[in-house]
Amino acid sequence: MIPFERCGVPESRKKIRSHGATGSKAELESSAHEEGRVAFPAWDKERALTMQIMERVCERTNLNQAYKRVKANAGAPGSDGMTVDELASWTHTHKEELIQSLLNGSYQPQPVREVEIPKEGNGMRQLGIPTVVDRLIQQAILQVLTPILDPTFSNSSYGFRPGRSANQALKAAARFVEEGKWIVVDLDLEKFFDRVNHDILMSRLARRIGDKRALKIIRRFLTAGIMKQGVCGQRFEGTPQGGPLSPLLANVLLDDLDKELEKRGHKFCRYADDCNIYVRTLEAGQRVMASIGQFIERKLKLRVNRDKSAVAFTEERKFLGYRLLRGGKLGIAPKSLKAAKDKIRKLTQRNRGRKLEAVVYELNQYLKGWVVYYRYAKMKTHLRDMDEWIRRKLRSYRLKQRKRSKSIADYLISLGVPPERAWLSAGSSKGWWRLSNSPAIKEAMTSEWFRKLGLINLSKRFAELQT
């Protein structure tokens, strides 16, 4: 079902096209003058091309593309309880009034639903889940604003941008280290998405966007209340993670930081709110940390987390889960390895009560993506050890399932272990973990046995990714 099949911007609204439309800049400005909309000072000429943002947002093809993206992303309901599956029928009924409210600037977002998820390490990360209708509108606005705003961003910014990736950021950082910049100024912005100053962000948007209706609606998204345990609270700062627009708005604000670093001639990589600046000496790093920290706090009204930020040798810090080694080589950061093992421990907990095949399937789903992401790291030894460790975890899991000595012995015998040895292992008083490493158990559940079960071999998959 295509919910916006028979809708679109009224013809009277299409006289002026926004950035990227046909017609010269002079024609667009002239048309705007004739309608008496605005007189453009010299610095506002580029902004004049974005006077009709909401017309582009409401175009049928743009709304249908936004709907498909929201549908594909699925996700939980927002504060109104509407599911993604219910969105098509809702828009089919309300599309005309929805489009009208966007065109006249009266659209009012609903409160976002607060969800907390564990952060890597300690603490919780706060997410704000918009309603599915608000997600649709945010996505439609994002699709129009991205081609306008993204080309103005720094080449050293890599996060949440089309055609850019974490891999590119890592390669750039590795080049800086290879050039001899072994010291990193690792900046951590304290609760960045919760601390964004709305006035500063909107002023940065207004530099580039001339459509006041779009600016009003974006501000309403920023100030929409947050629903927690049935109570709606006000929000005066921040752009909660969870909405399609949040990453773009973060890049708009932090582009000022990028431009300041470029003006000072620094080599840096920024991925969302994770910014690393590369210098040659610890003394230079300390100076950069002090001066850039002041810029962030005074100009952007953000806070630098002094406990998590540091000036150090690159191999002592992590960037996007990797460790930058001398000579520009990449290794996996110890914290990333620990996080992976913590995830595997959860999946292989012996009290989960799931079939071994189901546990292997869940492991594969996680490990396949994990090894692809870290395929650029030097970690053959880590992977060899992890493969063996995972097999031992699964042997322990399987033994716990069999529980009693007779069941364990029968199972080992069925896998080819001689009865005498099978009973010797089954009658052992060792705990499951110690027993899982005994010769008879390893003889029964071999690497080949796990391969037939479908378990991914990390070392083998890693080698395949290197070719």
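I began with Arg 317, which is partly exposed at 24% relative accessibility. I keep in mind that this is a predicted model.

**Entry 1: the partner of Arg 317.** I looked up what the side chain of Arg 317 meets, and found a salt bridge with Asp 186, at 3.1 Å from N to O. Where do the two residues lie? I traced Asp 186 to strand β3 (residues 183-188) and Arg 317 to the loop between β8 and β9, so this pair ties together parts that are 131 residues apart in sequence. Then I checked how accessible Asp 186 is: its relative accessible area is 8%, so I noted it as buried. Arg 317, at 24%, counts as partly exposed.

Entry 2: I looked at its backbone and saw a positive phi of about 55°, although Leu 320 is not a glycine. Is Leu 320 buried or exposed? I found that it is buried, with a relative accessible area of 15%.

Entry 3: I turned next to Lys 301, another residue other than glycine with a positive phi, here near 60°. I located Lys 301 in the loop between α12 (282-299) and β8 (310-313). I then looked up its accessibility: Lys 301 is partly exposed, at a relative accessible area of 49%. The cut-off for exposed is over 50%, so a value of 49% still falls under partly exposed.

Entry 4: I went back to salt bridges and picked Glu 448 with Arg 451, whose side chains meet at 2.5 Å, N to O.

**Entry 5: one more pair.** I looked up Glu 362 and found its side chain in a salt bridge with that of Arg 354, at 3.3 Å from N to O. Arg 354 has a relative accessible area of 34%, so I wrote it down as partly exposed.

**Entry 6: a network and the count.** I came across three residues linked in a network of salt bridges: Glu 55, Asp 211 and Arg 213. Finally, how many salt bridges are there in this model? I noted a count of 28.

Notes. Residues numbered from 1 in each chain as written. Predicted model: local features only at pLDDT ≥ 70, side-chain atom pairs only at ≥ 80, totals over all residues. Heavy atoms only, no water. Helix = DSSP H or I, 4+ residues; strand = E, 2+ residues; numbered from the N terminus. Buried < 20%, exposed > 50% of the residue type's maximum accessible area, 1.4 Å probe, protein only. Salt bridge = Lys/Arg side-chain N within 4 Å of Asp/Glu carboxyl O.
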